[in-house]
Amino acid sequence: RRMQKMEEQVEEDFEPCLKGPPLPVTDRYYCKHFALDVKGRANEDHCVLQHTNRVCVVCLAPTHPLLQEHNVHIEKVEFQIGKLDRTSNAVSGRFKKGGQKLTPTSPLCFIHCKSGQKYVLYSCIKGILLEVNETLIKTPQLLVSKPLSDGYIAILLPKHTESNTVCSHLLDELQYKTIRT
């Protein structure tokens, strides 16, 4: 009898968690951090999703001009930064040897819009570039249609010793919403 009461209590405790649709992966497994006015450009905000395994995903923040403008048409996403091609990044092994080292101000790509507007997207954190989203080359509209999932820009891995502090200069989601709403 006592066991049955305990099981009923557990079911009651978890019932609110089971109601409604499941949360998106980005809400379940990632902490959202935000860089505002990147490189001094008004509202050109970036989002860094940090997983518990240290991996960080760089995306556009909801307040970035690309996501604010209606009917924006992205002509192309260019990962060629000067003489350096971000798509040729070759990472291998457990310690991710060969990955390009990035600083918070390292450009990841250029976004060219049909209107002639050009945006530069940055890494926002220090780490090793694991990959850029090459799907954006063929389907650049993913940047605006699915910015926090299929439209991510790049995946970075901070040093193990810096993983807890790599996003400390960025805002958390509550701070971001307070400032931007």
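1. Let's begin with a term: a residue is called buried when its relative accessible area is under 20%, exposed when it is over 50%, and partly exposed in between. Asp37 has a relative accessibility of 31%, so it counts as partly exposed. Please keep in mind throughout that this is a predicted model.

2. Stay with Asp37 for a moment. You will find Asp37 in the loop between β1 and β2. Its phi is positive, about 45°, although Asp37 is not a glycine.

3. Now follow the chain to the strands on either side of that loop. Strand β1 covers residues 30–35, and it pairs with β2 in the antiparallel sense over six bridges. To see this pairing in the model, look for Phe34, which stands opposite Cys47 in β2.

4. Is strand β2 mostly buried or exposed? Five of the six residues in β2, which spans residues 46–51, are buried, so the strand is largely enclosed by the rest of the structure.

5. Strand β2 also pairs with β3 (residues 56–60), again in the antiparallel sense, this time over five bridges. Together β2 and β3 form a hairpin, with four residues between the two strands.

6. Which residue in the turn of this hairpin has a positive phi? It is Arg54, with a phi of about 85°, and Arg54 is a residue other than glycine. Arg54 has a relative accessible area of 22%, so it is partly exposed.

7. Further along, there is an open sheet of three strands in the order β4-β8-β9, with antiparallel pairing. Strands β4 (74–78) and β9 (118–122) stand at the edges with a single partner strand each, so one side of each has no neighbour in the sheet. From one strand to the next, the twist averages 20°. Between β4 and β8 (residues 107–113) there are four bridges, and Lys76 has His112 as its bridge partner in β8.

8. The cysteines deserve a careful look. How many disulfides does the structure hold? The count is zero. Cys59 is in no disulfide, and the nearest cysteine sulfur, in Cys47, is 5.4 Å away. With 0% relative accessibility, Cys59 counts as buried.

9. Cys167 gives you a second case to think through. Its closest cysteine sulfur is in Cys56, at 4.6 Å. A disulfide needs the two sulfur atoms within 2.5 Å, so the sulfur atoms of Cys167 and Cys56 are too far apart for a bond. Cys167 has 5% relative accessibility and therefore counts as buried.

10. Finally, have a look at Gln141, in the loop between α4 (135–138) and α5 (142–145). Gln141 is partly exposed, because its relative accessible area is 29%. Although Gln141 and Glu75 are 66 residues apart along the chain, their C-alpha atoms are separated by 8.4 Å.

11. What does Gln141 touch, leaving aside its neighbours within four places in sequence? The contacts are with Val72, His73 and Ile74. The side chain of Gln141 reaches the backbone nitrogen of Ile74 at 2.6 Å. A polar atom of that side chain also lies 3.4 Å from the backbone oxygen of Val72.

Methods
Residues are numbered from 1 along each chain as its sequence is written. This is a predicted model: local features need pLDDT of at least 70, side-chain atom pairs count only at pLDDT 80 or more; totals for chains, interfaces and linings use all residues. Side-chain values use heavy atoms; hydrogens and water are left out. Buried means under 20% relative accessible area, exposed over 50%, partly exposed in between (1.4 Å probe, protein chains only). Two strands pair if DSSP finds at least two bridges between them. Axes are lines fitted to C-alpha atoms, for helices over the stretch in contact, and angles run from 0 to 180 degrees between N-to-C directions. Contact means heavy atoms within 4.5 Å. A polar contact is a pair of N or O atoms within 3.5 Å; within protein, one must be able to donate a hydrogen and the other to accept it, and residues adjacent in sequence count only if both atoms are side-chain atoms.
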